[in-house]
Amino acid sequence: MSTTDAVTFWNGVYADRPAAADPRPNTLLPEMVSSLSPGDALDLGCGDGGDALWLARRGWHVTAVDISAVAIERLTSLANSHGLDDRIVAERHDLHESFPQGGFDLICAHYLHTPFDLDRATVLRVGAHALRPGGRLLVVDHGSTAPWSWNQDPDLWYPTPHEVAAGIGLDRATWRVERADAPRRNATGPDGRTAEVTDHVLLIRRTA
Ligand SMILES: C[S@@+](CC[C@H](N)C(=O)[O-])C[C@H]1O[C@@H](n2cnc3c(N)ncnc32)[C@H](O)[C@@H]1O
């Protein structure tokens, strides 16, 4: 499947649903980030932009990237309407091909899952190298299939956080795993159904 397919698919996902006036952050973001001092953040696969808006409201300068131009245009418009345009830069990138410039104190990748080719390990490795010393890479992946998930394949394998970390392959002298676990939570799907889901949480700190 080509990049064009991926762009068409993800633009369709966002175009098919109305733009939220004030999208909410992912549940784990406040828990993981509230204690950190704001700096420069990068949101990989920002989607609706709830995480970028939450970070910007807490003083972070956010670069938010997504393959979908629809998502990027919506977030740019939201940043303007919420008076956060000086804190959010939304850029379209296919992370398969390009990565934003700069150094970051926090890089978030929430549910950076796609049915198309994406070498996530390489993307996350590039991200880890773009961290400033002391900066953190937060990866939150699905660890279970919710009833409303688009992929209901019963054989779907969710790599554990330790497997994701091993795939990134970072030098332990420079990066340290601070958290790698699989918390459960009650979630509500887009259709209003609720279910218990598992997240795979990986937090890596660049120490030098
Ligand atoms: C499952 S959604 C998660 C969105 C958002 N982080 C959230 O938690 O709601 C995956 C996101 O990754 C984006 N994405 C998929 N492939 C990508 C790629 N190659 N480069 C950049 N973004 C990509 C999609 O457009 C989509 O917004």
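**Cysteines, ligand and cavity**

A: This is a predicted model, and it holds zero disulfides.

Q: Is Cys46 buried or exposed?
A: Cys46 counts as buried because its relative accessibility is 8%. Cys108 is buried too, with a relative accessible area of 0%.

Q: Turning to the ligand, how many residues surround it?
A: There are 17, and the closest are Tyr14, Asn26, Gly45, Asp66 and Asp94. The shell divides into eight nonpolar, seven polar and two charged residues.

Q: Which polar side-chain atom lies 2.8 Å from a ligand nitrogen?
A: That atom belongs to Asp94. From the backbone, an N or O atom of Leu95 lies 2.9 Å from a nitrogen atom of the ligand, and a polar atom of Ile67 is 3.1 Å from a ligand nitrogen.

Q: How much of the ligand's accessible area does the protein cover?
A: The protein covers 89% of the 600 Å² that the ligand has on its own.

Q: What about cavities: how many of 30 Å³ or more are there?
A: There is one, and the largest cavity contains about 50 Å³ of space.

Q: Which residues line the largest cavity?
A: The lining consists of Ala19, Ala20, Pro23, Gly47, Asp48, Arg74 and Leu78. By class, four are nonpolar, one is polar and two are charged.

Terms used: Residues numbered from 1 in each chain as written. Predicted model: local features only at pLDDT ≥ 70, side-chain atom pairs only at ≥ 80, totals over all residues. Heavy atoms only, no water. 1 Å grid on protein atoms, 1.4 Å probe; cavity = no way out; pocket = protein on both sides within 12 Å on 5 of 7 lines; lining within 4 Å. Points joined across faces, edges and corners; volume = space filled by probe spheres on them. Nonpolar A, V, L, I, M, F, W, Y, C, P; charged D, E, K, R; others polar. Disulfide = S-S within 2.5 Å. Buried < 20%, exposed > 50% of the residue type's maximum accessible area, 1.4 Å probe, protein only. Near = heavy atom within 4 Å. Polar contact = N/O pair within 3.5 Å; in protein donor to acceptor, adjacent residues only side chain to side chain. Areas by Shrake-Rupley, 256 points an atom, 1.4 Å probe, with all protein chains shown as cover.
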